[in-house]
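Morning, everyone. Let me put today's model on the screen, and then we'll walk through it.

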Amino acid sequence: MRHLTYLAVLGGCLVGALWLEPVLRVGVLRRWRRLLLTVVPVVVVFGAWDLAAVAAHHWHYDRAQTTGILLPGRLPLEELLFFLVVPVCAVLGYEAVRKVLRR
Amino acid sequence: MTYTVAAALGVVGALLLDLAILRTRLVAGLVFWAAYPIVLAGQLVSNGVLTGRGVVRYAPDAILGLRIVHAPVEDLAFGFALVLTALSVWVWLGRRGIDAPDPPRPR
């Protein structure tokens, strides 16, 4: 199970944020086109940073704690998912705060 | 270039995007700073697990060595740049009328 560590952390982030959609009705997932257009440039820019950092040996990933599925540039699949999950969670949090402050 | 320098440049880039390029000016408003501590708390927990368990490991010569909840302090800057970039693009798209209308609001 150790190879699922990184995936489990990403799952935890989603669990911590996704409830905002039905409970506070933030309408983030409903606006999926806008969300998709938000996530794509983030994946491109920060994915490029990640690739450059791995190439420059700034950091590396423990093979034993990731699924072992590698993307081009030897990035673990989890890194791509990270750059999808984090913006989605951030937007959910932002819209939730905006909604609460507006009340 | 070290991660320290890259992280500082990342923050500058995200600020430029928000203030000058997309002009969403989130860092000049209240909502972003009300939401950011919540997002940061999530980052400290999740990143603390990733770095504490050694899922991600850093080259000692690429970082300052100052750590917060296991993670190099540079990760806070990386996270800030990532979150500000995502939110700035999200708000900009909304103001351009992508999906549900989201008119600009005085901040």
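Predicted model: local features only at pLDDT ≥ 70, side-chain atom pairs only at ≥ 80, totals over all residues.

Start with chain B. Of its 107 residues, 42% count as buried.

What is chain B built from? Its secondary structure comes to 3 helices and 3 strands. Read from the N terminus, the order is α-α-β-β-β-α. Along the principal axes, the C-alpha atoms fill a box of roughly 45 × 25 × 20 Å. Now the contacts inside chain B. Take those between residues at least 6 apart in sequence: 64% of them join residues at least 24 apart.

Now chain A. Chain A has 103 residues, and 38% of them count as buried. It holds 4 helices and 3 strands. Along the sequence the pattern is α-α-α-β-β-β-α. Its C-alpha trace spans about 45 × 30 × 20 Å along the principal axes. For contacts in chain A with a separation of 6 or more, residues 24 or more positions apart account for 72%.

Next, the place where the chains meet. How many residues take part? On chain A, 34 residues are in contact with 31 residues of chain B. Four elements of chain A give two or more residues each to that side: helix H1 (5-18), helix H3 (32-55), strand S1 (59-61) and helix H4 (77-102). Which gives the most? That is H4(A), with 10 residues. By class, this side of chain A has 19 nonpolar, 10 polar and 5 charged residues.

Let's look at the strands there. S1(A) is joined to strand S1 of chain B, residues 56-58, by 3 bridges. The two strands run antiparallel. To find one pair on your screen, pick A:Tyr61; its bridge partner in S1(B) is B:Val56.

Now a pair of helices. Two packed helices are described by the angle between their axes and the distance between the axes. Here the pair is H1(A) and helix H2 of chain B, residues 30-52. Their axes come within 10 Å and cross at roughly 170°. An angle over 145 degrees counts as roughly antiparallel, so that is the label for H1(A) and H2(B). Which residues make the contact? From H1(A), they are A:Tyr6, A:Val9, A:Gly12, A:Cys13 and A:Gly16. From H2(B), they are B:Gly42, B:Ser46, B:Val49 and B:Leu50. Sorted by class, that contact has 5 nonpolar, 4 polar and no charged residues.

Which residues of H3(A) are buried? They are A:Arg34, A:Leu35, A:Thr38, A:Val39, A:Val42, A:Phe46, A:Trp49, A:Asp50 and A:Ala53. What do they pack against? Within chain A, the partners are S1, strand S3 (75-76) and H4. From chain B come helix H1 (3-21) and helix H3 (74-95). Just after H3(A), look at A:His57, which takes a positive phi of about 60°.

Stay with A:Ala53 for a moment. One residue that touches A:Ala53 is B:Ala6. B:Ala6 lies in helix H1 of chain B. Leaving aside residues up to four places away in sequence, B:Ala6 touches A:Ala53 and B:Met1. Is B:Ala6 buried, exposed or partly exposed? It has 19 C-beta neighbours inside 10 Å, so it counts as partly exposed. The cut-off for buried is 20 or more. For a sense of distance, take B:Ala6 and B:Ile68: they are 62 residues apart in sequence and 18 Å apart in space, C-alpha to C-alpha.

Last stop: two backbone angles in chain B. B:Arg23 is not a glycine, yet its phi is positive, near 55°. It lies in the loop between H1 and H2 of chain B. With 11 C-beta neighbours inside 10 Å, B:Arg23 counts as exposed. B:His70 is also not a glycine, and it has a positive phi of about 75°. Where is B:His70 found? In the loop between strand S2 (67-68) and strand S3 (71-72) of chain B. B:His70 has 16 C-beta neighbours inside 10 Å, so it counts as partly exposed.

Conventions. Residues numbered from 1 in each chain as written. Chains lettered and ligands numbered in written order. Contact = placed C-beta atoms within 7 Å. Nonpolar A, V, L, I, M, F, W, Y, C, P; charged D, E, K, R; others polar. Pairing = 2+ DSSP bridges. Buried ≥ 20, exposed ≤ 12 C-beta atoms within 10 Å, placed from the backbone. Axes fitted to C-alpha atoms, helices over the stretch in contact; angles between N-to-C directions. Parallel < 35°, antiparallel > 145°, perpendicular 65-115°, else oblique.
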